[in-house]
Amino acid sequence: MADQKKINWVHFSTLLAVAILVGTEMVGASWAAGWALGGLLQLDPLVSRAIEAGFALCGFVLLYYFMRTAIKNEPIRD
């Protein structure tokens, strides 16, 4: 087996905090954008919820790519 490197807990805690902060902002803003678009266009509540869910999914995808880049720049294992 390959020799496992130790976890750098400072980097881990930094990335965890960033994931919580940025994730809340991205998913919350995208969900709110879906809600605002549904209200602005006076769509049926079911359609509005579908748009909200689609926008929230986009927020999660953005968070995934953000965290992937953050882990490349600040690796957890030394």
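This is a dialogue on how to read some features of a predicted model.

Visitor: Which residues make up the largest nonpolar core?

Guide: The general idea is this: in soluble globular proteins, nonpolar side chains tend to be buried together. Here the largest nonpolar core has 5 residues, namely Leu15, Val22, Leu63, Met67 and Ala70. The elements that each give two or more residues to this core are α1 and α2. Helix α2 supplies the largest share, 3 residues.

Visitor: What is Leu15 in contact with, leaving aside its neighbours within four places in sequence?

Guide: With those neighbours left out, Leu15 is in contact with Met67, Ala70, Ile71, Glu74 and Ile76. Met67 and Ala70 are also members of the core.

Visitor: How do I read the place of a residue such as Gly23, and is Gly23 buried or exposed?

Guide: Take its element, then its accessibility, then its contacts. Gly23 is in helix α1. Its relative accessible area is 8%, and because buried means under 20%, Gly23 is buried. Not counting residues up to four places away in sequence, Gly23 touches Val18, Gly28 and Leu63.

Visitor: What separates the C-alpha atoms of Gly23 and Leu62?

Guide: Gly23 and Leu62 are 39 residues apart along the chain, and their C-alpha atoms are separated by 8.7 Å. For Thr69 and Gln42, the chain separation is 27 residues and the C-alpha atoms are separated by 38 Å. Thr69 lies in α2 and is partly exposed, with a relative accessible area of 43%.

Visitor: How many salt bridges does the structure hold?

Guide: In general, side chains of opposite charge can pair when their charged atoms come close. This structure holds 1 salt bridge. The partners are Arg49 and Glu52, with their closest N and O atoms 3.3 Å apart. Both are in helix α2, and because they are 3 residues apart there, about one helical turn separates them.

Visitor: Are Arg49 and Glu52 buried or exposed?

Guide: Arg49 counts as exposed at 55% relative accessibility. Glu52 is buried, with a relative accessible area of 5%.

Visitor: What does Ser48 touch, not counting residues up to four places away in sequence?

Guide: With those residues set aside, Ser48 touches Gly34 and Gly38. Ser48 lies in helix α2 and counts as buried at 9% relative accessibility.

Visitor: How many aromatic pairs does the structure hold?

Guide: To read a pair, take the distance between ring centres and the angle between planes. The structure holds 2 aromatic pairs. The rings of Trp9 and Phe12 have centres 5.4 Å apart and planes at 80°, so this pair is edge-to-face. Trp9 and Phe12 are 3 residues apart in helix α1, so about one helical turn separates them. Trp9 counts as exposed at 58% relative accessibility, while Phe12 counts as partly exposed at 33%. Tyr64 and Tyr65 also form an edge-to-face pair, with 5.2 Å centre to centre and 70° between the planes. Tyr64 is partly exposed at 49%, and Tyr65 is partly exposed at 42%.

Visitor: Where is the place of Asn8, and what does its side chain reach?

Guide: Asn8 is in the segment before α1 (9-40). Its side chain reaches the backbone nitrogen of Val10 at 3.1 Å. Asn8 is buried, with a relative accessible area of 17%. Not counting residues up to four places away in sequence, Asn8 touches Ile76 and Asp78.

Conventions. Residues are numbered from 1 along each chain as its sequence is written. Side-chain values use heavy atoms; hydrogens and water are left out. Helices (H or I, at least four residues) and strands (E, at least two) are DSSP runs, numbered from the N terminus. Buried means under 20% relative accessible area, exposed over 50%, partly exposed in between (1.4 Å probe, protein chains only). A polar contact is a pair of N or O atoms within 3.5 Å; within protein, one must be able to donate a hydrogen and the other to accept it, and residues adjacent in sequence count only if both atoms are side-chain atoms. Contact means heavy atoms within 4.5 Å. A nonpolar core is a set of buried Ala, Val, Leu, Ile, Met, Phe, Trp, Tyr and Cys residues joined through side-chain atoms within 4.5 Å. A salt bridge is a side-chain nitrogen of Lys or Arg within 4 Å of a carboxyl oxygen of Asp or Glu. Rings of Phe, Tyr and Trp (its six-membered ring) pair if their centres lie within 6.5 Å; planes under 30 degrees apart count as stacked, over 60 as edge-to-face and the rest as tilted.
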